Amino acid sequence: MRIWPLDSLKKGIITTKFPKKENETISPWSTLPKRKNDEDVFCPADAIGTEGVDLKKCISCGLCDSSFEPSLKTDNYSMIRKEPALKKSFKIFAIDSGTCGSCNTELHSINNPYYDASRLGIFFTNTPKQADALAIMGVYSEKMVPVIKEAISAMSRPAVIILFGACPLSGNIFGKSLESIIEPDLVIGGCPPDPFVIIEALEKVRGRKQ
Amino acid sequence: MNNITGFFEKDGKFYAIKDGTEIIEEISLSELESLRIYNPVRGVYNHGVSGENVFPFNYGPSTGGMIETVDFKIYTYGERILSLDIITDFKNRNMKITGHPYQEAILIMERFNGFHSFSYSTLLSREIEQKLSMQVDRETVKTRVILLEIERIISHIFKTARLCEAASQNIASYWLLALRERLMRTVAQETGHRYMFGINTVGGLRRKIDCNKIVEVAGKVVSEYKAIIDGLTVSRIFIDRIENTCKVDGQFQRGPALRATGTQYDYRQFDPYYSSMDFKPVSETGGDSLSRFLVFSSEVFQSLEIIQKASKGVFGEYKAIDSNQMRSGGIETPSGDARIALEIGDGEITFLYLRTPSMLNMEAYAEGIRGNVKTDIPFAYESFGLWICEMGCIK
Ligand code: SF4
Ligand code: SF4
């Protein structure tokens, strides 16, 4: 008979020390691309401007690789408002408005043993009533608007609202964004966002990381 | 007659797609209406029943328990499920590929089901190459086969983890998620993206990919996966929960769900990329969640064998056959075969029809779950590998 706990003990510790220590790895094109030369290049998401790449629009496709390269940095997010009252414990309720499935699985990846977000006091909840954060993923979908609004009003306060991935931020290259109906406290870029980026962004919005 | 697995309308005429052939045949509306698959293909999963004390119990559309947004209406008078309605259109994205140039169309296609993105982007790229009578070099074919099988391994490991979680086998579930993560990190390092976005293009691959590291890590991951499967198959708690759950005996469902009913049908049998592989589908006969689990877990080992053969083997160049005729290509995604009908013109997609495995498997799930108890819903659901995203509209 298999004794699972013994098997897992034999494996040793695989959990990252991030954000105290450096991230071990990152999904290259999910990080914000940085310029490597001055040549013009086509971007299917119209994400390239004079200031660089717009994190809300970039769909992590790598089509600009003749002039850009992945920055490999964990800073592909932008914070509008932080909520230090959530420093101790942070429960997330995820809502899928119209995703391809990858943002959903990537957000939940922070729970796997390599990241183990529970060590930082980050958990998932099955109901918006108990949630400190709402992570909204996917493009605008008419039928999901009342569902999202209901979830927001059901949340206890203080709480934060996160727009997660290129879909709700810009509509990606096939849909509409959610920014017209939702005012986020945090936006996380990437298609999908990398788990290390997610962890760093969540730590920041809780006021645990400067 | 071959099983009809999809149909579409074009210029006022109806066309049917069948198993085992790429030829598309015209079909009359009356023939279509009598088809078993008519309802699922239309996207209606409505089985409402009524009777004394019967009430619909609602679960969804947005709950933390499901990966994606879906709404279940469970008709019951207590514990036993009399029938199940599944409402999948809350997150319908109405994606449009027609009118887009090829590369953009491929980028949209890989975001149709991001979890199986490489299967879908290969399907579309290959179909365009076919229309353009394009020659694809052997290195591309080899890399595509390896990455298709890696995607299958990752998907099946994830399914196994979800099944373990539903059956309260939490240590096994976390271990499996760690294995998936290990393989995805290697995929990200070698291909530039954890979900293999941005790799496929018409005529080849956009990045130079060295598969040696991926093959090496896949070998290690699959050998650990075997240790977990060996443990699960002797765990009475696990087996009891999935045995005889959600039995399906129909023949219209796809992928591991079909092969679990004794039908040896897998699109890789007809796929020219696999022609040198002597490919034989894995099958089981029980038709229940246990049989589906046994099929997809065995497919993990089979995929590793294919990867190892492919990495050593010599592939021929793949020359697409010029075909102006309407035909339907396909690909065996990890959830089952997807079929496509495509037309192009002036560097753009002008017509697209896509039949995905979840369209048919959802109907099989709704049918099989009748008579089971409410607590069986999660095990049964996870055993099908259903993706709501691929049930939305794409044109
Ligand atoms: S990765 Fe793609 S979307 Fe992002 S800037 Fe480059 S081309 Fe544009
Ligand atoms: S942002 Fe990208 S990965 Fe996330 S749901 Fe949209 S298409 Fe999928």
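Before anything else, a term I keep using: contact means heavy atoms within 4.5 Å.

**Ground rules.** I am working with a predicted model, where local features need pLDDT of at least 70 and side-chain atom pairs count only at pLDDT 80 or more, while totals for chains, interfaces and linings use all residues. Residues are numbered from 1 along each chain as its sequence is written, chains are lettered from A and ligands numbered from 1 in the order in which they are written, and side-chain values use heavy atoms, with hydrogens and water left out.

**Entry 1, Lys176(A).** I found Lys176(A) in the loop between helix 4 and strand 10 (186-188) of chain A. What does Lys176(A) touch, not counting residues up to four places away in sequence? I listed Val139(A), Tyr140(A), Cys167(A) and Gly171(A). I also checked Gly138(A): it is 38 residues from Lys176(A) in sequence, and the C-alpha atoms are 9.4 Å apart in space. The cut-offs I use are under 20% relative accessible area for buried, over 50% for exposed and partly exposed in between (1.4 Å probe, protein chains only).

Which residues surround ligand 2? From chain A I noted Thr99(A), Cys100(A), Ser102(A), Cys103(A), Ala166(A), Cys167(A), Asn172(A), Cys191(A) and Pro192(A), and from chain B there is Arg111(B). A residue goes on this list if one of its heavy atoms lies within 4 Å of the ligand. Residues of chains A and B surround ligand 2, so I call the site shared between chains. Helix 2 (102-109) and helix 4 (166-170) of chain A are the elements that give two or more residues to this shell. Cys167(A) was already in my notes as a residue that Lys176(A) touches.

I counted five helices and ten strands in chain A. Its radius of gyration is 18 Å, close to the 17 Å that the globule rule gives for 210 residues, so chain A is as compact as a globular protein of that length. That radius is taken over C-alpha atoms, and the rule is 2.2 Å times the number of residues to the power 0.38. Buried residues make up 59% of chain A. Of its contacts between residues at least 6 apart in sequence, 79% join residues at least 24 apart.

Phe8(B) is buried, at a relative accessible area of 4%. Setting aside neighbours within four places in sequence, its contacts include Phe14(B), Tyr15(B), Met326(B), Phe351(B) and Tyr353(B). Leu82(B) is another story: 74 residues along the chain from Phe8(B), with 32 Å between the C-alpha atoms.

Chain B has twelve helices and 13 strands. I got a radius of gyration of 21 Å, close to the 21 Å from the globule rule for 395 residues, so chain B is as compact as a globular protein of that length. Its C-alpha atoms fill a box of roughly 65 × 55 × 35 Å along the principal axes. Buried residues come to 65% of the 395.

Definitions and conventions: Helices (H or I, at least four residues) and strands (E, at least two) are DSSP runs, numbered from the N terminus.
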